[in-house]
Amino acid sequence: MLTIAFDTFVLANGLPVILHVDRSSPLVAVDVWYHVGSKDESPGRTGFAHLFEHLMFMGSRNAPYPAFDSIMESWGGHNNGTTSNDRTNYYEIGPRNLLETFLWLEADRLATLSEVITDEELERQRKVVQNERRQSYENRPYGRAELAIPEAMYPPEHPYHWPTIGSHADIEAATVADVRAFFERFYRPSNASLVVAGDFDPAEARTLVEKYFAWQPRLPPPGRAPLPAEPRLARDIEIALTDRVQLPRLRLSWHAPALFAPGDADLDMAAHVLGGGKSSRLYRSLVFDKRIAQDVFAYQGSQMLGSLFQVGATAKPGHDLPEIAAAVTAEIDRLAAEGPTDAELARARNTHMADFYKGLDHLQTRADLLNHYQHVLGTPDGVGRDVARYEQTTTASVREAFARVVAGRHLDLRVTPEPAAAANGPAVTA
Amino acid sequence: MAQAPAVGPLPAVALPRANRFALSSGLEVVCLRRDVAPIVSAAFMFRSGGACDPPGRTGLASIAAEMLDEGAGPRDALGIAAELEQLGADLWLGSGRDGSQLSIQAPRETFRAAMAMAADILTQPRLETTDWQRVHNDRRTGVVQRRDQPEAVVNVVSDRTLYGDDHPYGQPVDGLERTIDAITLDDVRAFHAVHYRPNHASLVVAGDFDEATLQAELEKMLAAWKPGAAPPAPHPMPWPSRPRLVLVDRPGAPQSIVRMVAPGIDRFSPDRPGLSMLNAILGGSFTSRLNFNLREKHGFTYGAASSFSFLRHAGTFAARAAVFVESTAPAVREMLSELRGLRERPITTEEHAKAHATLLMRVAEGLSSTGGMATTFGELGLYGLPLDEPMRFVAALQRTTADDLRSLAERYVDPEAACIVIVGDRATIEPGLRELGLPPPELCNADGDRL
């Protein structure tokens, strides 16, 4: 049976701590998740959770900027953070002699960040984040579509309506007072979980975690906005965008069951059968047989307040999106009507399970997975449940879940080349 | 807690035990055990990559690699894809400058079956016309689509600028539209026949497999594979003249992709450990001089970095950043100033210690997964390096002083002789660039053709 061995305990201030020992390399990883994401932002302050993540590296009382990075890098450690709709995570990886340093740095910023944050530091990271937005979305082919999809799929009052990166105007509007308020509300031990993974002695690690975190005050978990109504599209939506690209692309999106909800695993399997690889139906039809598409994809974008099931295809030169849409729709209709074959489902399941094994080879992936289960399920002990939900899928359950999703209303987004794109090189010919 | 905790000594980094043998065909095999997860990684490395492409047909090595799994032995293209998924195996075929590679990663239980398929793919590829027409067309479209991606464009243009089109490293490994058009299926067949030979290759197997039976199983799976004559080596050419400034216009782009490139050193140079350390200080870590200046101090970018690539016949030094369009000229000035500063601003004790620890731990992290072990030892096989080379590298890091790094900076980092390539909105950025005293700008399209 597949497992990730761990010990867990909860500090008196409500911080869950998870220890995972792996002595195969002289490395340790510290991984902290805060249960706050862009879904917890206020109107007019979109992108704030992510901007805040950047500010977590701007120094704390006892480790003034840029000590967080410079201390660990002087010993060969490195770190990063990521923000999604649902959560924010921070991690450090390095030689095992840095374990206490990692814990000290994480604890110090959790205890003192709001005391030391200044306008100057906010201004610095505001510019960095605006450049991240330009690099990851505005100057990237088809990036505009990524920003447009959540806005179209969720109503303005739903917290998935805005992208995690936020808008330039909101990023510019953020103040130090916003930073302090956000920190006080969400950055508390009871709203976080801590994983220590790698080459360490568990008793020693527990002593260190208690030394740096246990003294921090107990505060109740933050109050949350009431859960939004389940999003539904009132009608099918069509959006036409242009971008700096050579080839047109179709993007179809449906609302789908939330992460770990009934049907979520079935839709992962359906996505694999439909567009998950070279033996998928869309690849076979559009790329291999008809040769009208350059690429195809399908995935279940699982999130805690509801998922988006996404399908896409890029037209080859000489082919257009109506032709692509007809071929994609035919495959969607066929899968909804007939479901996957036994062989297709077996391949999807085997691929999923093998990818899971491959992830477990990496220390940081295991650390992150334990926190993921803690965040979503309230316990790090999630491997068995996670694996079982895929083992339980059947051709009938996949068909039923998929048919229900694609019977719903959807977004049909089409990206076509800006006229200027052709000036960038020789004309595209079939 | 006001006090930073004391930090003990860095742990020693050890190599995994490697078992080495040769098959009767001449294929060198290295095996490494790791049982943290029930998976196995294998990498066949062939000592021919894009550098072996014939003139006018760049892209041949990489498209040949891509064709191998489009039908082999008893299975057609979709049959291979379906069977690999059934086994839960990932297959990757591709080429770099110096080599081509077939890698698989599979669960322990299906590894043997996946290896048998890899053997078919390498020794009995069908290379049929209908598959070729599709793959050839997909590749042609792919290199056209590359023009959409400013980072990919700057890669193509900076290599063509630095090395020149006649150098084996000058043109993109994926090819250009016209060179892809020139390649035929017969070229692919010939490339496979000449270069995919066991005596021109090496194999690494890492992970959770049965060491006792592997050799006999490989002999059986690869029984039909015969050695061949050594293929001709590519001929490196002299460096074209520098410095140059090359612009690729991307009207309306919100950022400019800035790349500075200069000659570096090859994979076999004794200066590799020292230059790797120097790079950690300049642009190979978050707290590096380039990133701190351009990202943290000025807010020009989401990140600035530098790197040395160490290849068989030569190497490249590169500094890079994607910067806000309005900050393009000031960002170029700061990058040049940091390159100059490597000679002028002394390397501190802290920087030297950081560089040593960073490189040491990169070795340790590289060995901390089966995929990383296959990559580390695969690279040794590709360049014919001894299996203890990572430990020689670690020892050399230990010996390299801050003074050594200063003299390496003098010898290898010369901003006045770098080529600068920028993909961005020409109308907005050119006036500012003209004030920096750079060579007159030359214009190229997104494939690097002079306009």
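Analyst: Two residues are in contact if their C-beta atoms, placed from the backbone, lie within 7 Å. Helices (DSSP runs of H or I, at least four residues) and strands (runs of E, at least two) are numbered from the N terminus. This is a predicted model, in which local features need pLDDT of at least 70 and side-chain atom pairs count only at pLDDT 80 or more, while totals for chains, interfaces and linings use all residues. Residues are numbered from 1 along each chain as its sequence is written, and chains are lettered from A and ligands numbered from 1 in the order in which they are written.

User: Which residues of helix 1 of chain A and helix 4 of chain A meet?

Analyst: From helix 1 of chain A come A:His50, A:Leu51, A:His54 and A:Leu55, and they meet A:Glu121, A:Leu122, A:Gln125, A:Arg126, A:Val128 and A:Val129 of helix 4 of chain A. The residues of this contact between helix 1 and helix 4 of chain A comprise five nonpolar, three polar and two charged. Here Ala, Val, Leu, Ile, Met, Phe, Trp, Tyr, Cys and Pro count as nonpolar, Asp, Glu, Lys and Arg as charged, and the others, Gly among them, as polar.

User: Why are helix 1 of chain A and helix 4 of chain A called oblique to each other?

Analyst: Axes are lines fitted to C-alpha atoms, for helices over the stretch in contact, and angles run from 0 to 180 degrees between N-to-C directions. For helix 1 (residues 48-55) and helix 4 (residues 119-138) of chain A, the axes come within 9 Å and cross at roughly 120 degrees. Angles under 35 degrees count as roughly parallel, over 145 as roughly antiparallel, 65 to 115 as roughly perpendicular and the rest as oblique. Helix 1 and helix 4 of chain A are therefore oblique to each other.

User: What makes helix 1 of chain A roughly perpendicular to helix 7 of chain A?

Analyst: The axes of helix 1 and helix 7 (residues 176-186) of chain A cross at roughly 90 degrees and come within 11 Å. That angle makes helix 1 of chain A roughly perpendicular to helix 7 of chain A. A:Phe48, A:Phe52 and A:Leu55 of helix 1 make this contact with A:Asp178, A:Val179 and A:Phe182 of helix 7 of chain A. The residues involved are five nonpolar, no polar and one charged.

User: Why does B:Arg189 count as partly exposed?

Analyst: A residue is buried if 20 or more other C-beta atoms lie within 10 Å of its own, exposed if 12 or fewer, and partly exposed in between. B:Arg189 has 15 C-beta neighbours inside 10 Å, so it counts as partly exposed. This residue is found in helix 7 (residues 185-195) of chain B.

User: Which residues of helix 2 of chain B are buried?

Analyst: In helix 2 (residues 77-87) of chain B, they are B:Ala77, B:Ile80, B:Ala81, B:Ala82, B:Leu84, B:Glu85 and B:Leu87. Their packing partners include helix 12 of chain A. Across chain B, buried residues make up 55% of the 451 residues.

User: How do you know that chain B is as compact as a globular protein of that length?

Analyst: Chain B has 16 helices and 12 strands. The radius of gyration of chain B is 23 Å, close to the 22 Å that the globule rule gives for 451 residues, so chain B is as compact as a globular protein of that length. The radius of gyration is taken over C-alpha atoms, and the globule rule is 2.2 Å times the number of residues to the power 0.38.
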